[in-house]
Amino acid sequence: MKGKYLNPKADLTFKKVFGEHEQLTLSLLNALLPLDEGKQIEHLEFIPTELVPENPMKKNSVVDVRCHETGGREFIVEMQLNWNNEFKNRVILNAAKAVVKQLDKGEDYTLIKPVYSLNFINDLGFDTETDRFYHDYALVDVADTDRHLEGLRFVFVELKKFKPQSIMERKMAVLWLRFLTEIDEHTAEAPAELLENPDTSRALHILEKSAYTEAQLYTYEQFWYAVVNERVLIEGGYKKGRAEGLQQGIQQGLQQGIQQGLQQGLQQGLQQGEQLGGQKKAVAIARSLKAKGIPIDIISESTGLTVEEIAQLEKQ
């Protein structure tokens with residue numbers, strides 16, 4: 001770690017920046033969530049990040065940052081470093097738990113407040129069919145997508161696809177995404193734009209390596225070792241899956257090829273057998289007719305044999 005800062009995407013630093021400082025989290029959410037005009041967040045309270053299900057047999061889950069307005073909307077913020085297909089389901093489950101946890105038994109359903117889930121993905125794989133890095137999901141009417149139900153909103157930000165010019169009209173969003181994508185252990189000097197803005201400048205100060213104890217730095221390094229090991233396991237699983245898929249494909253191809261070959265051989269054999277059988281039958285009839293003195297042209301018309309083939313019968 002030769003630079004001045006730590007990487008903000010690590011579990012320790014991400015939670016320290018956005019899980020302990022109301023103004024920074026408020027700034028991040030207002031910049032990146034699809035909030036209607038006049039409905040910006042003004043005050044936040046952090047709440048426990050562990051989401052315990054109503055059914056004690058179900059597994060608890062812990063999110064990175066969880067907060068809400070006083071008596072209002074609730075927000076969940078997650079950082080996912082290695083992509084896996086289970087992440088979407090986990091996001092949906094955590095948001096659903098956050099809705100359920102708002103009510104005690106017997107309380108009116110009208111007390112439920114909307115839940116917003118903001119998810120940063122520092123990997124490729126979420127959506128491989130588009131270059132868009134920002135994905136906004138809402139509960140909409142399929143026939144009329146302008147009509148939607150309030151309650152759940154999911155935003156996924158693919159950091160690997162982010163380019164500052166993509167959203168130049170939203171300066172604060174650009175600054176926070178640059179903070180998340182450009183700052184790491186090798187950063188000696190932060191970009192001037194980040195240092196000049198009060199919120200990102202404060203976040204950078206929190207990331208300064210000198211502010212962390214030896215124990216915290218050790219935990220930080222162990223976190224990245226775990227991330228690398230997880231990626232190796234995921235890539236190993238993909239490679240194993242591709243190899244097994246290829247082997248199965250070859251075996252299936254061979255089996256299909258053998259089966260098709262047998263079928264074609266059988267069909268050709270039957271056709272050839274029918275042809276040989278028909279040929280022998282025609283020759284036998286031609287011999288009989290010829291012995292009775294029937295003219296060759298009539299025998300040819302009757303059997304399908306040529307005049308030359310009938311003439312050869314005399315020599316056999």
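Student: Which strand gives the largest share of the lining of the largest cavity?

Tutor: This is a predicted model. Strand S8 (residues 148–158) gives the largest share, with six residues. The lining includes His148, Leu149, Glu150, Gly151, Leu152 and Arg153. Pro114, Tyr116 and Ala138 also line the cavity.

Student: What makes that space count as a cavity?

Tutor: A cavity is a set of points where a 1.4 Å probe fits but cannot get out. The count takes cavities of 30 Å³ or more, and comes to one. The largest cavity holds about 60 Å³ of space. Its lining divides into five nonpolar, two polar and two charged residues.

Student: Why is glutamine 23 called partly exposed?

Tutor: Its relative accessible area is 38%. Buried means under 20% and exposed means over 50%, so a value in between is called partly exposed. Glutamine 23 is in helix H2. Leaving aside neighbours within four places in sequence, glutamine 23 is in contact with Asp199 and Arg202.

Student: How do you know that H2 and H4 meet?

Tutor: Contact means heavy atoms within 4.5 Å. Leu24, Ser27, Leu28, Ala31 and Leu32 in H2 meet Met172, Ala173, Trp176 and Leu177 in H4. The residues of this contact divide into eight nonpolar, one polar and no charged.

Student: What describes the packing of two helices?

Tutor: The angle between their axes and the distance between the axes. For H2 (residues 22–32) and H4 (residues 171–182), the axes come within 8 Å and cross at roughly 120°. The crossing is left-handed.

How values were computed:
Residues numbered from 1 in each chain as written. Predicted model: local features only at pLDDT ≥ 70, side-chain atom pairs only at ≥ 80, totals over all residues. Heavy atoms only, no water. Axes fitted to C-alpha atoms, helices over the stretch in contact; angles between N-to-C directions. Helix = DSSP H or I, 4+ residues; strand = E, 2+ residues; numbered from the N terminus. Left-handed = near helix turned anticlockwise from the far one by under 90°. Nonpolar A, V, L, I, M, F, W, Y, C, P; charged D, E, K, R; others polar. 1 Å grid on protein atoms, 1.4 Å probe; cavity = no way out; pocket = protein on both sides within 12 Å on 5 of 7 lines; lining within 4 Å. Points joined across faces, edges and corners; volume = space filled by probe spheres on them. Buried < 20%, exposed > 50% of the residue type's maximum accessible area, 1.4 Å probe, protein only.
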